[in-house]
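Please read the sequence and the structure side by side. The text below then walks through a few selected parts.

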Amino acid sequence: MFWKRRTYLDYAAGASGNPSSPHEEGRRAKKMLEDARTAIARLAEAQSDDVIFTSGATEANALAILGSVKTGDHALYLPSAHVSVVENMKLLRERGVETEALPIRDGRVDCEKLKELLRPQTRLVSMDAVCGETGTVWNTREVKSSLDKLGTTRPLLHVDASQAPLTEKLTRAHFGADIFTLDASKVGPVRGIGALIAHRTIPIIPLYKGGGQERGVRPGSEAPELAKEFAATLAAAASGREAFRLSAERERARLVGHVTSTTPDVLVNEGRVQAPNILNLSLPGRDTDYLVALLDEAGFAVSTRSACETDSEEGSRAVFALTGDLRRAKTTLRISWGPGIRPPELARFARALTGAVAFIDNRKRG
């Protein structure tokens, strides 16, 4: 067949090929989207149609929670979870669902107390795989084992795994999850796309109605280019995970050693099992918002807590849930990094942090 110059006259469907369109541009977009879906499914050891693309972890968490729990049900959640989990649990309460916080003991969900909270109406247990503030790796598989003892009537386990791919395996079996959440922006530079991994047999009610895309669970025109980048980012994280984990463990130990030996009254907030690329410190008596500004001027980007809760005056909800200490929760500093950060950069940061804290302490004394 002779080559024919193509003229795109379907802008009403999208300025580039829409995966739902029947023409060549639409078919290319559809193939790109489905190739990405298949690649992510393989990494997760799931089926392709288990992968529901969303705009990110916030939407995926909302879909998992609001889409699987109805009035009269009972739901449990980690009080240290991301705000998208906690706020949607509040929304469930407004809709007549009873919700309770999971019990925490020694940096783990207390599964003995969990058994006392479970009831026939318990529909969902929601927790994160890795806490985005403290780096605590939660015992999701142990929780799943407790739920499995209830048999076929057991609750679903939803795991927000958006912070996990750089250091943890991505598989559903690794988390023990029935449903889990991923987010491209927590793994690499791609923003605006995430995924909810849920088997087709799990009933999920859409948050709104539309064109029927993504199994009808998440209507709206898909973003094939973002999906392709998302899949590539997750694949890169998977292939480099072991090397990055070993490096991060070494660098975190050095960073903790330097800070605790040179800075008085500093506390490390961590769980029994820890993601090596997240370090959360409490510096009682210091203004850590000011400390973040000083470090910013020195060329280092850090935060006090989750970016979604930086305006909170109550301190770090995650640290309070972990430690029960409000003083620690109000004076937190979170340092987190990915594969692109080199050891000399972390060494320079350690010196800058020591100097900035000393500056704050000297000003207080003056």
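The model is predicted.

Start with a pair of helices. Helix 1 spans residues 24–44, and helix 7 spans residues 224–262. Their axes lie 8 Å apart and meet at an angle of about 25 degrees. Angles under 35 degrees count as roughly parallel. Helix 1 and helix 7 are therefore roughly parallel to each other. Their crossing is left-handed. On the side of helix 1, the contact is made by A29, M32, L33, A36, A39, I40 and L43. Helix 7 contributes P224, E225, A227, K228, F230, A231, L234, A235 and A238. By class, the residues of this contact are 14 nonpolar, no polar and 2 charged.

Strand 8 covers residues 179–183, and strand 9 covers residues 194–198. The two pair in the antiparallel sense, over 5 bridges. F180 stands opposite I197 of strand 9.

Next come the loops. The loop between helix 1 and strand 1 holds E45 and A46. E45 has a phi near 55 degrees, a positive value in a residue other than glycine. Most residues other than glycine have a negative phi. Is E45 buried or exposed? E45 is exposed, because its relative accessible area is 56% and the cut-off for exposed is over 50%.

Leaving out residues up to four places away in sequence, A46 touches A41, R172 and I197. I197 is the residue opposite F180. A46 and V159 are 113 residues apart along the chain, and their C-alpha atoms are separated by 15 Å.

E214 also has a positive phi, near 50 degrees, and is a residue other than glycine. E214 sits in the loop between strand 9 and helix 7. Is E214 buried or exposed? Its relative accessibility is 6%, so E214 counts as buried. The cut-off for buried is under 20%.

Another loop residue is R119. R119 lies between helix 4 (111–117) and strand 6 (122–128). With a relative accessible area of 29%, R119 is partly exposed. Leaving out residues up to four places away in sequence, R119 touches H74, E98 and E100. R119 and L150 are 31 residues apart in sequence. In space, they are 9.7 Å apart, C-alpha to C-alpha.

Strand 11 (residues 278–282) pairs with strand 12 in the antiparallel sense, over 5 bridges. Which residue of strand 12 is the bridge partner of S282? The partner is T332. L281 stands opposite L333, also in strand 12.

Finish on helix 7, at E251. E251 has a relative accessible area of 7% and is therefore buried. Which residues is E251 in contact with, leaving aside its neighbours within four places in sequence? They are W337, P343 and L346.

Terms used
Residues are numbered from 1 along each chain as its sequence is written. This is a predicted model: local features need pLDDT of at least 70, side-chain atom pairs count only at pLDDT 80 or more; totals for chains, interfaces and linings use all residues. Side-chain values use heavy atoms; hydrogens and water are left out. Axes are lines fitted to C-alpha atoms, for helices over the stretch in contact, and angles run from 0 to 180 degrees between N-to-C directions. Helices (H or I, at least four residues) and strands (E, at least two) are DSSP runs, numbered from the N terminus. Angles under 35 degrees count as roughly parallel, over 145 as roughly antiparallel, 65 to 115 as roughly perpendicular and the rest as oblique. A crossing is left-handed if the near helix is turned anticlockwise from the far one by less than a right angle, and right-handed if clockwise. Contact means heavy atoms within 4.5 Å. Ala, Val, Leu, Ile, Met, Phe, Trp, Tyr, Cys and Pro count as nonpolar, Asp, Glu, Lys and Arg as charged, and the others, Gly among them, as polar. Two strands pair if DSSP finds at least two bridges between them. Buried means under 20% relative accessible area, exposed over 50%, partly exposed in between (1.4 Å probe, protein chains only).
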